[in-house]
Amino acid sequence: MKILAMVALLVLGAAPADASPHWTVCDGSCSFDVPAGDYEIEALLTGQTGLDVEARRIVLAPVATRPGEYVHRSVTVEVRTPEGMPSGEDGPGTPGLQVRLTGPAPRPARIAVKPRPRAPRIFVISDSTAADWTNLPKNGWAQALPEFFRAGPSVRNYAQSGASTVSYLADPRYFPRVRPMIRPGDEVLIQLAHNDKQTTEDVYRANLATLIDGVRAQGGFAVLVTPPVRHRFGPDGKLTPLGLVVNNLGVDLPAVMRDVAQQWNAPLLDLTARSQALLESLGEAASWPLYLTLAHDGVDDATHLSRYGAEQFAALVARAAGQARLPLSRFLRPERL
C-alpha cells in the first residue's frame, strides 16, 4: 500500500522536487525511529486529512482539498518518554515518533521528519484540564495547542492530572524536572488552580511567585493563564462560583492570579473570562459538548474537555496570546484563529 501511494503521488506530480528517502508515505499511522527531542514534521496532505502525534496531541487540523490537490503543512513537535503526562500514569508510550492521520476522509500523506534541536519551546505547566491524555475520553486544551502554530516552536506540555501549585513545585517529576529544561527565551504558560481546593490565598500567591521566579531564573518568559471554567450553571444562566474556580476556602483563584500577574509584571492570558463568555453565550445545554457527556463519552464530567472542547479552549488561548503580542504569536496560524 505504501508503494502504491507513493507512486500515486509521483504520477500526479504533486510531490516536492526533493524525493529523497527521508519522505515516507503514511497510510493510517506510521512511526519514526528517533530519540527524544524536538522535530519538524513536514506533511503533504490530500483528502480531508489532519495529524495527531504521540499521546493524541493534535498538531494539524484536517485540511480539506479538492480532488487531485495537495497542500503542504509543517509543525514542530516534541518526542519524549513518557509520551503523555510527566507522572507516566497512562504508560510510557511507544519509542520514537508516532504519527496518526485524522479527519473525516483521511488519505495517505507524505511525511518527512527533521530534528530541530534549537527550536524555541512553549512549555505548559498545568493540571488535567490542559494535559496530554493518552487514553480517551479526556482531552486537555494544551493537547490541541500545537495545531494553532506553524513550524517553529515546540509545544512541550508538562501538565499533570491532579497537580496543584503545591504539588507541582514539590514533586520531583514536575517543576524540578521542567525547570532545568527551560532555555533563555522559552515561553512558559502557567495554569494551575483547579486542584488548589484547600490552598489559602497567601500560599497560592507565594507558589505562583515561586513558579514565575523559577522560570525567569532560567531566562524563560513566564506567562500566567487563568484556569478554564467548569460547566456549572446556576438557575440564572450564569456560572456558579464553583464553575468560576473559587476554591473551598472561598478564594477566587483566577482573581488572585490576575493580581499576581500585575504585581510581577507578567503577561496574563485570561482563559477564565474567555471560557466563561463562551459558555454563557452558548447556554447550559449548548455548551455541554465542550465537556464530556454521558451520551457521547459515557460520563458527565463538568471539568474535563472533549476533543472539540480542547480545540475550542486552545483557540481561546491562542487568540489571547496573539492579542497580547507574546513572542510566540508570530508563529500562529491566522487561518486557525
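Predicted model: local features only at pLDDT ≥ 70, side-chain atom pairs only at ≥ 80, totals over all residues.
I started with Asp 90, which sits in the loop between strand 6 (71-79) and strand 7; strands here are DSSP runs of E with at least two residues, helices runs of H or I with at least four, numbered from the N terminus.

Residues are numbered from 1 along each chain as its sequence is written, and side-chain values use heavy atoms, without hydrogens and water.

Back to Asp 90. I found it buried (under 20% relative accessible area, 1.4 Å probe, protein chains only), yet without a salt bridge. A salt bridge needs a side-chain nitrogen of Lys or Arg within 4 Å of a carboxyl oxygen of Asp or Glu. The nearest side chain of opposite charge, Arg 56, is 7.9 Å away. I also checked contacts (heavy atoms within 4.5 Å): beyond its neighbours within four places in sequence, Asp 90 touches residues including Asp 132 and Trp 133.

Next entry: Asp 132. I saw a salt bridge to Arg 57, with the closest N and O atoms 3.1 Å apart. This pair joins distant parts of the chain, 75 residues apart. Asp 132 is buried at 1% relative accessible area, and Arg 57 at 3%. Asp 132 also bridges to Arg 80, at 3.3 Å between the closest N and O atoms; those two are 52 residues apart.

Last, I looked up the wider picture. Asp 132, Arg 57 and Arg 80 belong to a salt-bridge network that also includes Asp 38 and Arg 121. The salt-bridge count came to 18.

Conventions:
Buried < 20%, exposed > 50% of the residue type's maximum accessible area, 1.4 Å probe, protein only. Lys, Arg positive; Asp, Glu negative; His and termini not counted.
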